[in-house]
Amino acid sequence: SPETIGEVFDLLQEIPDAVAWVGLYLPDPEDLQEVADLFGLHELAVEDAIRAHQRSKLEHYGDTIFVVLRAALYLDETEEIEFGELHIFRGKNFVITVRHGRSPDLAVVFHRMEADPQMLALGTEGIAYSILDTVVDGYAPVLEGLATDVAEIEDQVFMSSPGVSRRIYELSQEIVEFHDAVRPLRAIVAGLAESFGQHEVAEELHAYLRDVADHAARALDRIEGFRVTLRDVLALN
């Protein structure tokens with residue numbers, strides 16, 4: 001655990017097989033620019049990471065891949081989805097993450113990597129996969145919370161509860177935003193798989209990516225189901 005970004009960069013030059021993960025949370029533009037200057041990050045990607053509020057996407061900048069993921073956290077007390085935004089720069093021997101929001105909890109990923117030497121041995125590809133897998137796994141409790149909300153709304157409609165139209169509208173807006181966060185994941189997974197193939201990563205990691213893609217597709221199917229149900233319920237109401 002080097003104490004400065006400069007020390008991280010120097011160690012990477014000294015140790016050929018080393019891999020660094022630099023995690024930043026709501027960084028000041030000056031701090032992120034220092035990292036960008038050392039690691040040669042593209043200015044357009046850095047600008048996206050500073051401003052946030054980006055759509056989920058994957059972009060190539062030379063030898064560096066830039067990924068934006070939208071994490072989600074379901075808040076029971078307000079029946080709302082809280083979205084977090086995560087920016088990932090993956091190079092040959094470094095991963096830089098810039099987090100905006102409480103989710104995802106990357107400490108979980110860090111400790112899981114430490115406990116799994118085989119995954120850690122896959123270097124930056126293993127780190128990138130583990131982060132993506134954690135974000136997608138985080139969608140499951142959000143889907144369950146939405147399912148409960150939709151079921152309650154159906155009951156309210158048949159009971160002619162006042163204010164149900166507003167609740168339908170507000171939940172529909174949440175689901176649209178969730179849909180926009182999940183829909184690009186298929187292309188993101190495909191882009192990562194292609195880049196992993198260029199670095200002779202173990203076939204096992206490609207299998208893991210296919211599993212993430214499957215989970216994302218199932219999440220998208222459920223979200224589409226919620227949208228149809230709410231549309232029908234609104235018409236009935």
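**Strand E5 and helix H4**

Colleagues, I begin with strand E5 (94-100), where Phe94, Ile96, Val98 and His100 point one way, Val95, Thr97 and Arg99 point the other, and all are buried, that is, under 20% relative accessible area with a 1.4 Å probe and protein chains only. In a regular strand, side chains alternate between the two faces of the sheet. E5 is mostly covered, with seven of its seven residues buried.

The model is predicted, so local features need pLDDT of at least 70 and side-chain atom pairs count only at pLDDT 80 or more, while totals for chains, interfaces and linings use all residues. Residues are numbered from 1 along each chain as its sequence is written, and side-chain values use heavy atoms, without hydrogens or water. Helices (H or I, at least four residues) and strands (E, at least two) are DSSP runs numbered from the N terminus.

Which strands pair with E5? Strands pair if DSSP finds at least two bridges between them. E1 runs parallel to E5, joined by six bridges; here glycine 23 has threonine 97 as its bridge partner. E4 is antiparallel to E5, again over six bridges, and leucine 86 is partnered by arginine 99. A hairpin of three residues connects E4 to E5.

I turn to helix H4 (residues 106-114), whose buried residues are Leu106, Val109 and Met113. They lie on the same side of H4 because they cover an arc of only 50° around the axis, taken from the directions from the helix axis to the C-beta atoms. These residues pack against E1, E4, E5, H5 and H6, contact meaning heavy atoms within 4.5 Å.

Conventions:
Buried means under 20% relative accessible area, exposed over 50%, partly exposed in between (1.4 Å probe, protein chains only).
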